[in-house]
Amino acid sequence: MTLDVEVPESPDLSNRGMPREFEWQDETLGSEEFYREDLEDLLQEGAWKEGFNEWAEYTNLGEEQVRIVNDLGLFQALDFYWDPTEDRLRFDAPSMPDDWRERDATESLDSGTVSMIDAALEDLGRAVQEVLEDYLERDDEASSYGWGEETYGKRGE
């Protein structure tokens, strides 16, 4: 089922704290650069729209559920960052808030739908991550983002 919805604004990655699932390791202490600004630029240049549209082609969410996700700010809560400990691009997908039952916008949801939304947000994060990786590979030579081999070494090894 392909969704017929407007692509929401790409996530604003500025002013984010430590990624949710991130743990410093001894060899990377002091390397606090997650390259979120660079990733946000790529999202705005088309990676978000491309990833969202790809996800919209196969998601199980309906238009009403996508509206709810958007109204709750969950698309904006997706976080993309460069993980210096693993030397790779990662994402953190949000979950439906614990108080979803109390929110007006989610009155019609049941726990199965909430689980489906959480899974769909993970899928969206993965789809956008893959597009971002493609963008980074295209810009590998001399990139205005500093994503070249001299910055990260050879990725994927």
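Helix 1, helix 3 and helix 4 are among the elements that cover the buried residues of helix 2. Here, helices (H or I, at least four residues) and strands (E, at least two) are DSSP runs, numbered from the N terminus. This is a predicted model: local features need pLDDT of at least 70, side-chain atom pairs count only at pLDDT 80 or more, and totals for chains, interfaces and linings use all residues. Residues are numbered from 1 along each chain as its sequence is written, and side-chain values use heavy atoms, with hydrogens and water left out.

**Helix 2 and its surroundings**

- Q65, V66, I68 and V69 are the buried residues of helix 2, where buried means under 20% relative accessible area, exposed over 50% and partly exposed in between (1.4 Å probe, protein chains only).
- Viewed down the axis of helix 2, these buried residues stay within an arc of 160°, so they line one face of the helix; the arc is that of the directions from the helix axis to the C-beta atoms.
- G73, which has a positive phi near 75°, follows helix 2.

**The nonpolar core**

- The largest nonpolar core has 37 residues, and W48, W55, F75, F80 and L132 touch the most other members. Such a core is a set of buried Ala, Val, Leu, Ile, Met, Phe, Trp, Tyr and Cys residues joined through side-chain atoms within 4.5 Å.
- At least two residues of this core come from each of helix 1, helix 2 (63-71), helix 3 (74-77), strand 1, strand 2 and helix 4 (111-138).
- Helix 4 supplies the largest share of this core, with eleven residues.
- L132 is in contact with L39, L42, L43, A47, F80 and L89, leaving aside its neighbours within four places in sequence; contact means heavy atoms within 4.5 Å.
- As general background, nonpolar side chains tend to be buried together in soluble globular proteins.

**Aromatic pairs**

- Six aromatic pairs turn up in a search of the whole structure. Rings of Phe, Tyr and Trp (its six-membered ring) pair if their centres lie within 6.5 Å; planes under 30 degrees apart count as stacked, over 60 as edge-to-face and the rest as tilted.
- F52 and W55 make a tilted pair, at 5.1 Å centre to centre with 55° between the planes.
- F52 and W55 are three residues apart in helix 1, which means they are separated by about one helical turn.
- W55 counts as buried because its relative accessibility is 1%, and F52 is buried with a relative accessible area of 0%.
- The ring centres of F52 and F75 are 5.5 Å apart with the planes at 80°, so this pair is edge-to-face.
- Because F52 lies in helix 1 and F75 in helix 3, the pair ties together parts that are 23 residues apart in sequence.
- Ring pairs join W48, F52, W55 and F75 into a cluster.

- P8 sits in the segment before helix 1 (36-58) and counts as buried, at 12% relative accessibility.
- Not counting residues up to four places away in sequence, P8 touches W48, F52, N70 and F75.
- P8 and F52 are 44 residues apart along the chain, and their C-alpha atoms are separated by 8.6 Å.

**The strand hairpin**

- Strand 1 (residues 79-83) and strand 2 run antiparallel and are joined by five bridges; two strands pair if DSSP finds at least two bridges between them.
- Y81 has R90 in strand 2 as its bridge partner.
- Four residues lie between the two strands of this hairpin, and D87 in the turn has a positive phi of about 55°.
- Strand 2 (residues 88-92) is largely enclosed by the rest of the structure, because four of its five residues are buried.
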